[in-house]
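Please read the numbered points below alongside the sequence and the model.

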Amino acid sequence: MSLVNANTEIQTDARRATLNLVAGSLWYAPGSFGIARALSSQYSLRSILFHEIADAESVFTKGLGVTVTRKQFEAALKFIAKHYTPVSLQDVIAESEGNPLPPRPVLLTFDDAYASVREFAAPLCAELAVPAVFFVNGSCLNNQQLALENLICYVTNVHGLDTVNAAIQAVDGAGNLAVVSLLEVFSRFLPATSLQGRQSFRSALVRLAGIHESELAAEAGLYLNSQQLSDLAKFNFEIGNHTYSHANCRVLSSADFAGEIDRNRAILEEVSGTKVRSFSVPYGSSADLTDSLAEHLRREGYKAVFLAEGRANSSRIHDLTLDRVSIKASTDAAFFSEIEILPRLRSLRSSRTN
């Protein structure tokens, strides 16, 4: 990882810790949940997002910020089970049809296709009676190739950003763009790159780094195999669509929906033997939920669409576009901050700027 990216990650973690220290102090006050409601009562469903559950980042994930340790996850799940009412996606859908959710509801979700969810998270969820939705990219199933994000991390951590920049230059339309951190790859380059450009970039990364990708993916074993995906139904996990290749949806044309969305749904339904009725927008930005995508999802009968901008969901959920909070806390006070206080503050700030 570059020094710039390392510094950015350190600064982000330090800011999160400071916010949790301040907001989390309310946890120790009498009636802490009442204090949170006084801050803003317009908060009903809490929806929480996890990705990989592992004791340490690997060269495939270092710099992504998606890894939560087993100890952190177990602590988070026990906090949720003690202080909230875990609900299923069916409960949330039923709420929109006039059936109220229970007090302090929380819906657990996982993005991407990490095998650690089946290996560790799912059994613990079953033990604590916490249902969940797992959003999967079909291209990752059975470890035949790496998700582009994991491939970028591997090349950056093993070969350096110079190789990544060389691959960017191989993409038509990239111009003279040069990134100085992984953050810039994900925030500047990929969101502006078409599906064809992403494939050109992937091919250039593999060639310039001298990688045999199928062998590397099989050796890493990051993702679920088909049997593991099918097994998740036993743990009260519902399977959702996350696009076939984890594409930035803002660059998808209507013609791209068949390959990225409809194809992925068909694969997941065939493998899991269950109905796919929810969609998680890769990267979680509302900018990626374009009007044409939203219309396509409605037309295809999806019941819920998930973002990840860390805001509070309002007290009445109408269109079932739901926001989620990523938590990385380790203490009850920090969990309270990240689930109850910070989402309210983000929503209040957003309402004042709109």
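1. The largest nonpolar core holds 98 residues, and Phe50, Phe73, Leu108, Phe110, Phe201 and Phe237 have the most contacts inside it. A nonpolar core here is a set of buried Ala, Val, Leu, Ile, Met, Phe, Trp, Tyr and Cys residues joined through side-chain atoms within 4.5 Å; buried means under 20% relative accessible area, exposed over 50%, and partly exposed in between, with a 1.4 Å probe and protein chains only. Helix α14 (residues 332-353) gives the most to this core, seven residues. Helices (H or I, at least four residues) and strands (E, at least two) are DSSP runs, numbered from the N terminus. A second, separate core has 13 residues, including Leu45, Val87, Leu89 and Ile93. In soluble globular proteins, nonpolar side chains tend to be buried together.

2. On provenance, this is a predicted model, in which local features need pLDDT of at least 70 and side-chain atom pairs count only at pLDDT 80 or more, while totals for chains, interfaces and linings use all residues. Residues are numbered from 1 along each chain as its sequence is written, and side-chain values use heavy atoms, with hydrogens and water left out.

3. Leucine 108 can be examined by its neighbours. Leaving aside residues up to four places away in sequence, Leucine 108 touches Ile48, Phe50, Phe73, Leu77, Ile80, Cys125, Val130, Pro131, Ala132 and Val133. Contact means heavy atoms within 4.5 Å.

4. Helix α4 (residues 89-96) has Leu89, Val92, Ile93, Ala94 and Glu95 as its buried residues. These pack against the strands β5 (105-111), β6, β7 (237-241), β8 (278-280), β9 (304-306) and β10. Just after α4, glycine 98 takes a positive phi of about 105°.

5. Two non-glycine residues also have positive phi. Most residues other than glycine have a negative phi, and most peptide bonds are trans. Asparagine 143, with a phi of about 55°, is in the loop between β6 and α6; its relative accessibility is 12%, so asparagine 143 counts as buried. Threonine 243 has a phi of about 70° and lies in the loop between β7 and α12 (257-272). Threonine 243 counts as buried because its relative accessibility is 0%.

6. Leucine 146 is in the loop between β6 (132-136) and α6 (148-159). Its relative accessible area is 0%, so leucine 146 is buried. Not counting residues up to four places away in sequence, leucine 146 touches Phe60, Leu151, Arg202, Glu213, Leu216, Ala217, Leu222 and Tyr223.

7. Which residues does threonine 193 touch? Threonine 193 sits in the loop between α8 (182-189) and α9 (195-209), and is buried, with a relative accessible area of 6%. Not counting residues up to four places away in sequence, threonine 193 touches Val171, Arg198 and Val251. The side chain of threonine 193 also reaches the backbone oxygen of phenylalanine 189 at 2.6 Å.

8. Phenylalanine 186 lies in helix α8 and is buried, at a relative accessible area of 16%. Phenylalanine 186 and asparagine 248 are 62 residues apart in sequence, and 9.7 Å apart in space, C-alpha to C-alpha.

9. Is glutamate 127 buried or exposed? Glutamate 127, in helix α5 (residues 115-127), has a relative accessibility of 63% and therefore counts as exposed. The C-alpha atoms of glutamate 127 and phenylalanine 235 are separated by 9.0 Å, although the two residues are 108 residues apart along the chain.

10. The second largest pocket is lined by 17 residues, and Arg311, Ala312, Asn313, Asp323 and Ser347 lie nearest its centre. The largest share of that lining, four residues, comes from α14; β10 (321-322) and α14 each supply at least two residues. A pocket is an open set of points on a 1 Å grid over the protein atoms alone, where a 1.4 Å probe fits, with protein on both sides within 12 Å along at least five of seven lines; lining residues have an atom within 4 Å of a point.

Definitions and conventions. Polar contact = N/O pair within 3.5 Å; in protein donor to acceptor, adjacent residues only side chain to side chain.
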